[in-house]
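Reader: I would like to go through this structure with you, beginning with the disulfides. Could you take my questions one at a time?

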Amino acid sequence: WLKSSWPTAFFPRGRVFVAMRVSLLAAAVLLGAEAGKKKSTKGGSKSCAHTGFYSKKIVPLCEAHFPDDASKHLWLVQFYHTGIQKVYDQREEYEKFARNSGDAKVGAVDCAQNVEFCAKQGIREAPTTRAISRGRVRDFAGEHTFEHFEAFAAESAKRFKEMEEALKCNEKGLFSDALKDATVPLCTKSFPPPLEPVPWVVGFYETGDHNKDKTIRKTLNRVAEKYGNLPPKKIEASSKKPLKMRVGAVDCTKQTDCESLGITTFPTIRFYRSGAEPTTFDSFVDKDELKQWADAQLKSIPEETPPPVELKADMSEDEQKAKQAEAQEASEGEAGEDAGRDAGDAGEKTKEAKSTKSEASCFTKGTEMDPLNLEGQARSDEADAASCQKRCAETAGCGGFSFWDKKPGEPAGGCHIAPEGAKPKPAGADVRTGPPVCPEGKTEL
């Protein structure tokens with residue numbers, strides 16, 4: 001946008017304009033360098049080496065780019081090793097699932113290239129396949145066939161949805177701010193919450209005393225953030241810690257059946273984990289003492305995970321090379337078939353496919369830019385979010401856009417373009433935001 005035509009009245013001397021351009025470019029380079037220092041999990045397939053074992057329908061994953069509890073999608077992830085025969089035996093079945101996976105995303109981790117990461121994930125054999133969604137994990141235990149992968153993905157989506165529904169509670173009490181409260185409001189009717197994959201610390205309280213209310217809210221939120229919890233609508237999560245424990249709270253002011261859970265005094269704080277009776281925090285509510293107690297509860301959990309192992313090849317080097325060459329040739333053939341199918345779609349279908357690819361890569365649903373409009377710019381009617389993004393990219397000073405989906409009976413959706421420096425904020429499900437141009441090679445987790 002620096003090359004756009006600016007009013008000459010603003011720049012009476014060419015030197016001023018040139019100096020300003022140089023300063024702005026230097027600032028952009030410095031900002032880019034600083035951003036590059038930060039670890040990101042949104043670099044897509046370019047963050048992880050693509051060995052060619054699987055086709056590009058299957059996203060290469062590694063520690064730098066792996067679905068965590070902030071991921072929006074259901075993922076089927078396979079941990080494989082190119083020196084193990086069983087991996088080759090089921091390769092085509094996993095490829096077939098990737099081509100017909102519906103809403104599920106499909107990825108793979110090469111444990112020959114990512115030894116430490118696979119050990120950290122507890123991988124003891126290959127292939128190991130897992131369903132992952134918002135930090136929840138299910139291990140696949142069936143035959144490695146397309147039909148079994150398909151059934152496992154459907155069952156996992158159902159289970160994960162049930163777990164999400166169990167956490168929905170309208171009695172939010174002190175924890176109603178989705179941008180600030182990392183503590184999860186819980187209801188007695190669906191208690192206890194799912195205790196896998198991590199345990200819970202749950203506070204039971206009654207409202208009415210301003211100072212006590214303030215203390216319980218502040219303390220539980222601090223503890224929640226310490227153990228890797230984030231407010232549900234907090235957009236910036238670059239410094240997020242690993243999730244070690246969930247933190248919840250039950251407002252017993254209106255929920256009068258707390259006594260049926262053994263709660264008779266307020267506040268009461270308890271630790272819940274799978275396969276064990278709850279333990280109670282026996283002290284006054286202080287964040288440091290509560291953290292020490294929670295740490296002690298975590299350490300008391302028996303270590304059930306066996307020590308990590310490094311996967312060993314069961315094929316000779318010559319056999320591996322031959323098999324890998326076959327797999328790579330098959331991947332290239334599958335890529336060619338996909339390209340042929342894509343080339344067969346013409347006109348609007350091609351445009352729609354490109355728009356969908358762009359939207360999957362860097363658009364964010366449920367947010368709008370703040371401030372909404374660039375000075376001198378108003379709402380425009382656009383066919384889709386990609387068209388709105390194009391308008392932003394072609395307008396000097398635009399830093400991002402907000403696009404409202406078109407409603408039944410309307411010819412188009414609503415497009416607003418925002419100034420540079422604007423930030424996304426929570427909005428309705430029918431709106432999405434994005435930058436002027438999507439970074440190349442970015443895959444949304």
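Reader: What is the handedness of the disulfide of Cys388 and Cys415?
Author: The torsion about the S-S bond of Cys388 and Cys415 is about 80°, so this disulfide is right-handed. The pair links distant parts of the chain, with Cys388 in helix H10 (residues 385-393) and Cys415 in strand S15 (residues 413-419), 27 residues apart. Helices (H or I, at least four residues) and strands (E, at least two) are DSSP runs, numbered from the N terminus.

Reader: What kind of model is this?
Author: This is a predicted model, in which local features need pLDDT of at least 70 and side-chain atom pairs count only at pLDDT 80 or more, while totals for chains, interfaces and linings use all residues. Residues are numbered from 1 along each chain as its sequence is written, and side-chain values use heavy atoms, with hydrogens and water left out.

Reader: How far apart are the sulfur atoms of Cys388 and Cys415?
Author: The S to S distance of Cys388 and Cys415 is 2.0 Å; a disulfide is a pair of cysteine sulfur atoms within 2.5 Å.

Reader: Are Cys388 and Cys415 buried or exposed?
Author: Cys388 counts as buried because its relative accessibility is 0%, and Cys415 is buried with a relative accessible area of 0%. Buried means under 20% relative accessible area, exposed over 50%, and partly exposed in between (1.4 Å probe, protein chains only).

Reader: How many disulfides does a search of the whole structure find?
Author: The search finds seven. One of them joins Cys362 to Cys438, S to S 1.8 Å. Here Cys362 lies in helix H9 (residues 348-362) and Cys438 in the segment after strand S17 (431-434), 76 residues apart. Its torsion is about -60°, so the disulfide of Cys362 and Cys438 is left-handed.

Reader: And what is the handedness of the link of Cys111 and Cys118?
Author: The link of Cys111 and Cys118 is left-handed, with -90° about the S-S bond. Their sulfur atoms are 2.1 Å apart, and both Cys111 and Cys118 are buried.

Reader: Turning to the strands, why is S4 largely enclosed by the rest of the structure?
Author: Six of the six residues of strand S4 (residues 128-133) are buried, so the rest of the structure largely encloses S4. Thr128, Arg130 and Ile132 are buried on one side, and Thr129, Ala131 and Ser133 on the other.

Reader: Which strands pair with S4?
Author: Strand S2 (residues 75-80) runs antiparallel to S4, joined by five bridges, and strand S5 (residues 136-139) pairs with S4 in the antiparallel sense over four bridges. Two strands pair if DSSP finds at least two bridges between them.
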